Amino acid sequence: MDESPQHDSALPDERDRDPSGRARNARPRDGLGRPLPYGAPGVERQPEGVPRSPGQSLAEAQRLFDAGLPFHAHGVLEDAWKAADEPQRALWRALAQLAVGLTHALRGNASGAATLLRRGADGIAPYRDAAPYGIDIAGLAGWARELADRPGAAQGAPAPRLVAEGGA
C-alpha cells in the first residue's frame, strides 16, 4: 500500500508566489503593512535583499520612518540584519524590532508595540559606548522606552532619529 501523501489535484494551489516560486502574498498593503483586498491600491513594497552599505541602510530606513512607513523601514533594516556579520547582526535585528514596535503602536496594538520596543531598546543598549555608524543609541533607546510606556502617543509623534546630529 502506498503511504505517500495524497494531493487532490482538484484543489488549486491558492498561494501567491514570486517569480522564483517562493510563497509570497501578492495582496497590496497599506502604509503600515496591513493587507488590503486584491486589486485595491496599496503602498509599493520595498524590494527584498537589496545590498546596501550601513549608511545607505540607515538613510533609507530614516526616509521611510519620516514618510510614516515604519513597516517598510523594517524591511530595509531586516536586509541589513541578514547581511551583517556578528556582532553587528544583533544591532540591526534590534533596529528592525524598533521599526516593528512602532508599526504595532501605529496599528493600535499596544501590547505588541511595548514588547518589541523594549526588546529593541534592550538589543541596542550594548552598543551605547561605541555606537557604530553614528547611530543615536541613547536617543533611540529613550524614544523606544517612552513609546513602550505610552504606545498611543505614536500617532502624530515625530519619527525616531536613527543617527545623531552630525553622525554617519
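Tyrosine 133 counts as partly exposed because its relative accessibility is 33%; buried means under 20% relative accessible area, exposed over 50%, and partly exposed in between (1.4 Å probe, protein chains only). Tyrosine 133 sits in the loop between α4 (110-124) and α5. Its phi is near 60°, a positive value in a residue other than glycine. This is a predicted model, where local features need pLDDT of at least 70, side-chain atom pairs count only at pLDDT 80 or more, and totals for chains, interfaces and linings use all residues. Residues are numbered from 1 along each chain as its sequence is written, and side-chain values use heavy atoms, with hydrogens and water left out.

**Overall make-up**

- The protein chain has 5 helices and 0 strands; helices (H or I, at least four residues) and strands (E, at least two) are DSSP runs, numbered from the N terminus.
- Read from the N terminus, the order of elements is α-α-α-α-α.
- The protein chain has 168 residues, of which 36% count as buried.
- Of the contacts between residues at least 6 apart in sequence, 53% join residues at least 24 apart; contact means heavy atoms within 4.5 Å.

**Backbone points**

- Most residues other than glycine have a negative phi, and most peptide bonds are trans.
- The peptide bond from glutamate 86 to proline 87 is cis, with omega near 5°.
- Proline 87 belongs to the loop between α2 and α3.

- Two packed helices are described by the angle between their axes and the distance between the axes.
- Axes are lines fitted to C-alpha atoms, for helices over the stretch in contact, and angles run from 0 to 180 degrees between N-to-C directions.
- Helix α1 (residues 54-66) packs with helix α2 (residues 70-83) at about 170°, and their axes are 7 Å apart.
- α1 and α2 are therefore roughly antiparallel to each other; angles under 35 degrees count as roughly parallel, over 145 as roughly antiparallel, 65 to 115 as roughly perpendicular and the rest as oblique.
- On the α1 side, the contact uses Ser57, Glu60, Ala61, Leu64 and Phe65. On the α2 side, Pro70, His72, Ala73, Val76, Leu77 and Ala80 take part.
- The contact of α1 with α2 has 8 nonpolar, 2 polar and 1 charged residues. Ala, Val, Leu, Ile, Met, Phe, Trp, Tyr, Cys and Pro count as nonpolar, Asp, Glu, Lys and Arg as charged, and the others, Gly among them, as polar.

**Helix α3 against helix α5**

- Helix α3 (residues 88-107) packs with helix α5 (residues 137-149) at an angle of about 35°, their axes 11 Å apart.
- The crossing of α3 past α5 is left-handed; that is, the near helix is turned anticlockwise from the far one by less than a right angle, while clockwise gives right-handed.
- From α3, Leu91, Leu95, Leu98, Leu102 and Ala105 meet Ile137, Leu140, Trp143, Ala144 and Leu147 of α5.
- By class, the α3 contact with α5 has 10 nonpolar, no polar and no charged residues.

**Glutamine 97**

- Glutamine 97 is in helix α3.
- Glutamine 97 counts as buried because its relative accessibility is 15%.
- Leaving out residues up to four places away in sequence, glutamine 97 touches Leu116, Arg119 and Gly120.

**Salt bridges**

- Side chains of opposite charge can pair when their charged atoms come close.
- The structure holds 6 salt bridges; each is a side-chain nitrogen of Lys or Arg within 4 Å of a carboxyl oxygen of Asp or Glu.
- Arginine 52 and aspartate 79 form a salt bridge, at 3.8 Å from N to O. The pair links distant parts of the chain, 27 residues apart: arginine 52 in the segment before α1 and aspartate 79 in helix α2.
- Arginine 52 is partly exposed at 22% relative accessibility, while aspartate 79 is buried at 13%.
- Glutamate 60 pairs with arginine 63 in a salt bridge, with the closest N and O atoms 2.7 Å apart. Both lie in helix α1, 3 residues apart, about one turn of the helix.
- Glutamate 60 is buried at 18% relative accessibility, whereas arginine 63 is partly exposed at 44%.
- Aspartate 66 and arginine 161 form a salt bridge, their closest N and O atoms 2.8 Å apart. This pair also links distant parts of the chain: aspartate 66 in helix α1 and arginine 161 in the segment after α5, 95 residues apart.
- Aspartate 66 is partly exposed at 45% relative accessible area, and arginine 161 is partly exposed at 43%.
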